[in-house]
Amino acid sequence: MEKGQGPRKVLITGTAGFIGFHLARLLLAEGFEVQGYDGMTDYYDVNLKRRRHAMLLQNPNFKAVEGMLEDQARFDAMANEFQPDIIVHLAAQAGVRYSLENPRAYLDANVIGAFNVMEAARRLEVKHLLMASTSSVYGANELMPFTETEKADTQLTIYAATKKANESMAHAYAHLWSLPTTMFRFFTVYGTWGRPDLALYKFVAAILEDRPIDIYNHGDMYRDFTYVDDLVRGIRLLIDAVPVRPVDGVVPEGDSLSPVAPFRIVNIGNSDKVRLLDFIDAIEDCLGKKAIRNYMEMQKGDVPATWADASLLQHLTGYRPNTDFRDGIARFVEWYRAYYGK
Ligand SMILES: NC(=O)c1ccc[n+]([C@@H]2O[C@H](COP(=O)([O-])OP(=O)(O)OC[C@H]3O[C@@H](n4cnc5c(N)ncnc54)[C@H](O)[C@@H]3O)[C@@H](O)[C@H]2O)c1
């Protein structure tokens, strides 16, 4: 991108996290100036987060501030100094299962924290605010693939409920302050530098260490596994797809654009429903080793399947994620073995 052409300064929250790290890397490679903000929470291995930030800091166009989203003064000071054109808000208390154990962490980070980000975006009049929601907001919806224009009113966990609350809050701010806002609904993201609490990471670690893996609902589960490089490519392209409040409230067919605000919700998923047992078979093939399988009942709050309709993303950007899960697993395993020397 040439200097002076379009917005170049992007504030990303959650840059020490899995997706934030990958997005920052991509934007830095494209010549953006990136300000990171992350609280380095101990939800999982903080060393992994520090390693991600250390890699980003090798690029002179990346700066980072450590701080919690709930610390409004700290967040505002950082944002005021940087003066972003764009904010991509990815920091959150993530994880479906942990939200049964510690629901308050989700309210603090995902409701109060997200509100502080929205307030800063309004005050600084950013050109585009983009925030992470999740496929979990589809909750008990059964009509698949999931489309953004379907109602999503049956969240099954506090995690999903806080993300749905973000969508409503962001819609109100987009309406009140004409703040162009895009909410992403991500579908089961996996890949290199991944999250230790997610299935692929846990399975690979356990298989290599001869520990059993827990397989919920006896493996009769389906997920739309989305490779992280594809996901951040989708985010990158959506940065340029700034929503505009429709004239006379007329919304094009198939678009989730609000009739009363510059606000849109976009699925980012692979549009491929993969059976968990096939995913595990592929991990075993890649490792050349069988898992010790511990078949379990369905977990409270879990859903048997997720599957994205990604046609809106394709319509807006010309792009759709397409990594085959076997290729994605192979890339993850290669990274994992190199990272841990196993
Ligand atoms: N990974 C997935 O499969 C997936 C799926 C759907 C949605 N999402 C959403 O995508 C976003 C990024 O997820 P991720 O997988 O990179 O998770 P992650 O946990 O790796 O990254 C989140 C980062 O936010 C930071 N953070 C958490 N709470 C904070 C707080 N209160 N203040 C400041 N920093 C805080 C953490 O330290 C972490 O580095 C999240 O909003 C998550 O809910 C992820």
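Modeller: Let us begin with the loop between α3 (72-82) and β4 (86-89), where Q83 is found. Please keep in mind that this model is predicted.

Colleague: What is the phi of Q83?

Modeller: Q83 has a positive phi of about 55°, although it is not a glycine.

Colleague: Is Q83 buried or exposed?

Modeller: One counts the C-beta atoms within 10 Å of the residue's own, and 12 or fewer means exposed. Q83 has 11 such neighbours, so it counts as exposed.

Colleague: In which loop does H218 lie, for a second example?

Modeller: H218 lies in the loop between β8 and β9 (222-223). Its phi is near 55°, again a positive value in a residue other than glycine. H218 has 13 other C-beta atoms within 10 Å and is therefore partly exposed.

Colleague: How does the span of α6 compare with the expected one?

Modeller: One sets the distance between the end C-alpha atoms against 1.5 Å a residue. The 20 residues of α6 reach 28 Å, close to the 28 Å expected. After this helix comes S178, whose phi is positive, near 50°.

Colleague: Which residues of α6 are buried, and which elements do they pack against?

Modeller: The buried residues include I158, Y159, A170, Y173 and A174. The buried residues of α6 pack against α4 (98-101), α5, β5, β6 (181-186) and β11 (263-268).

Colleague: Where do the buried residues of α7 sit around the axis?

Modeller: In helix α7 (residues 199-208) they are A199, L200, F203, V204 and I207. Their arc is only 120°, which puts them on the same side of α7. Among the elements that cover them are β7 (189-190), β8 (212-215), α9 (276-287) and α11 (325-340). Just after α7, D210 takes a positive phi of about 60°.

Colleague: How far apart are T13 and D210?

Modeller: One may compare separation in sequence with separation in space. T13 and D210 are 197 residues apart in sequence and 36 Å apart in space, C-alpha to C-alpha. T13 lies in strand β1 (residues 9-13). The threshold for a buried residue is 20 or more other C-beta atoms within 10 Å; T13 has 28, so it is buried. Leaving aside neighbours within four places in sequence, the contacts of T13 include G20, Y37, L69, H89 and V117.

Colleague: Which residues touch the most other members of the largest nonpolar core?

Modeller: That core has 93 residues, and V88, L231 and I235 touch the most other members. Helix α6 (residues 158-177) gives the largest share of this core, eight residues. Not counting residues up to four places away in sequence, I235 touches L23, V88, L130 and F184.

Colleague: How many residues surround the ligand?

Modeller: There are 27, and the closest are G17, G39, A91, A92 and A109. The elements that give two or more residues to this shell are α1 (18-29), α5 (103-123) and β5 (128-134). The largest share, three residues, comes from α1. By class, the shell has 14 nonpolar, nine polar and four charged residues.

Methods
Residues numbered from 1 in each chain as written. Predicted model: local features only at pLDDT ≥ 70, side-chain atom pairs only at ≥ 80, totals over all residues. Core = buried A, V, L, I, M, F, W, Y, C linked by C-beta atoms within 7 Å. Helix = DSSP H or I, 4+ residues; strand = E, 2+ residues; numbered from the N terminus. Contact = placed C-beta atoms within 7 Å. Near = placed C-beta within 6 Å. Nonpolar A, V, L, I, M, F, W, Y, C, P; charged D, E, K, R; others polar. Expected span 1.5 Å × (residues − 1). Arc of directions from axis to C-beta.
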